[in-house]
Amino acid sequence: MASRKRVIEPALSTDEEFKTPEKRVSVVRGSQPDSDFMRWGVGETCQYLQREGLGEWKDTFRAEKITGVGLRYLRDADLEKIGIKRLGDRLRILHSLSKLWQIEAELSKVKAFRQRQTVKAVKIT
């Protein structure tokens, strides 16, 4: 009867260690959004809504003067308060905004990584 023991393979060298694949971020429909949404005015906010297929709410956001800063603090109750009555519409808007925050977080990570790499390169030379 053949041995049932599993063959133990030698440990990988440091060059062959497992490397985590890069995380892929879903891109918001249309062009890549301005990564500095906190500087958006009402116009840019409305353009973002249009790109996301939420153009029917541009006038509401314009009337309420919601800028990029305001987008960061919007919650379900706020959307209902400004006249977006249907839950499905509010959920679509909140989902779109969560994608925007995710992209912003990923861009921040990339910027921080690049800064660390630059610092390391400067120290080496």
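Biologist: Which residues is phenylalanine 61 in contact with, leaving aside its neighbours within four places in sequence?

Modeller: Contact means heavy atoms within 4.5 Å. In this predicted model, phenylalanine 61 is in contact with Val42, Thr45, Leu49, Ile66, Leu71, Leu74, Leu79, Ile82, Ile84 and Ile93. Residues are numbered from 1 along each chain as its sequence is written, and side-chain values use heavy atoms, with hydrogens and water left out. Local features need pLDDT of at least 70 and side-chain atom pairs count only at pLDDT 80 or more, whereas totals for chains, interfaces and linings use all residues.

Biologist: How many residues does the largest nonpolar core have?

Modeller: A nonpolar core is a set of buried Ala, Val, Leu, Ile, Met, Phe, Trp, Tyr and Cys residues joined through side-chain atoms within 4.5 Å. Buried means under 20% relative accessible area, exposed over 50%, and partly exposed in between, with a 1.4 Å probe and protein chains only. Here the largest core has 17 residues, and Phe61 is among those with the most contacts inside it. The elements giving two or more residues to this core are α1 (42–51) and α5 (87–124); the largest share, four residues, comes from α5.

Biologist: How many helices and strands does the chain have?

Modeller: Helices (H or I, at least four residues) and strands (E, at least two) are DSSP runs, numbered from the N terminus. This chain has five helices and zero strands.

Biologist: What is the phi of lysine 65?

Modeller: Most residues other than glycine have a negative phi. Lysine 65, in the loop between α2 (58–63) and α3 (68–73), has a positive phi, near 55°. Lysine 65 counts as exposed because its relative accessibility is 66%.
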